[in-house]
Amino acid sequence: MNLSFKFAIVSDLHIALPQTIWDHPSRFHLVEVSIPALELVFNHLEKLDLDFLLLPGDLTQHGERDNHQWLSQRLSQLPYPVYVIPGNHDIPVLKSQNHLISFDEFPQYYRYFGYLNHQGLDYTLEVLPGLQLIGLNSNHFDENGNQIGCLREEQLQWLEQVLSQVKNQLVFVMIHHNVIEHLPGQATNPLGRRYMLENAPRFLNLLKQAGVQLVFTGHLHVQDIAQWQGIYDITTGSLVSYPHPYRVIHVNTNSQGKPVLKIESHRITAVEDWPDLPLKSREWMGERSFPFMMKLLTNPPLKLTVQEAEQLAPHLRYFWADIADGDAQFNFEVFPLPVRRYFERFSATDQIDNFAQLTLS
């Protein structure tokens, strides 16, 4: 099977038309730039002769009907196929509320972007000869009406059936929540685990048994590639958060018949009214980082006192921005040794988050 194609990933768009933008002093998402940034991405991608585009969720600011309608219309104008899945922001309520769409309405807006011949919020289709795409919804509600990130039993059974029928094809799986840890202790830390699929181990074992090696995720707003037993979780940062990245990936077959992914990362560096976008958005993130750093310092495993944490938190002003940037290296030599060791564990072990060449088995 000789493969040769090119696709792009743009994640966590958080599209917000001007009349829908809501403000809050701790808001991290620069939704003001969502539409102009996306238009710049489209301008670039239209020059690349793409085969398709993946959008792994959080398409809208918070599930607003107007924003879903605008994006669906805009995607229909592109010269290449687009495939989407919902993120937690896209279906925040089970039943329609005022200007928000209901959980079940999502496929109606994106019929031509994966859902044409499928009921529900999961789908699979052959997007190119030899390439099967599986799109999964990982957004559900518990008995108290709170959103959770998981796959239902019926979804896992459906996935197992789909994978059993895929023969001699490369398989891409797209799901919003992370399925492999991108940060140390992400699956157990209260600040990190909400970005993880709750039943990730079972999901990963299904993929491993079927020989699937590629999962494309979003949600975390960082540039990172994580690996577990030959499976790669390629997560792409948000277009409305520093460093405003997106990816272009070339897939070819090498002389041994193995698929090879050449991954490039691109960034939006300026939009109208934001000529120095990365500088401004890095500061925006830094200004809002203190409460989160205090939680990280005072919660397990560090469990520092508030007074100790207040001394260290200013040194972590850009910690999350540096992680979001990808391929970060940290040196906190001014910190007490246990704290220093903890934070330096977040350093990238290999420089593959933004640019990489992955050869599949």
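## Two groups of strands

Leu214 stands opposite Tyr232 in strand S11. Welcome to this predicted model, where local features need pLDDT of at least 70, side-chain atom pairs count only at pLDDT 80 or more, and totals for chains, interfaces and linings use all residues. Residues are numbered from 1 along each chain as its sequence is written, and side-chain values use heavy atoms, with hydrogens and water left out.

Strands here are DSSP runs of E with at least two residues, and helices are runs of H or I with at least four, numbered from the N terminus. Two strands pair if DSSP finds at least two bridges between them.

| Pair | Bridges | Direction |
|---|---|---|
| S9 (residues 214–217) and S11 | 4 bridges | parallel |
| S10 (residues 224–228) and S11 | 5 bridges | antiparallel |
| S1 (residues 4–9) and S12 (residues 245–253) | 6 bridges | antiparallel |

Let us stay with S11 for a moment. Because 5 of the 5 residues of S11 (residues 231–235) are buried, this strand is largely enclosed by the rest of the structure. Buried means under 20% relative accessible area, exposed over 50%, and partly exposed in between (1.4 Å probe, protein chains only). Ile231, Asp233 and Thr235 lie on one side, with Tyr232 and Ile234 on the other. Thr235 is also the bridge partner of Asp224. The hairpin of S10 and S11 has 2 residues between the strands, and Gln229 takes a positive phi near 50° there.

Now to the other group.
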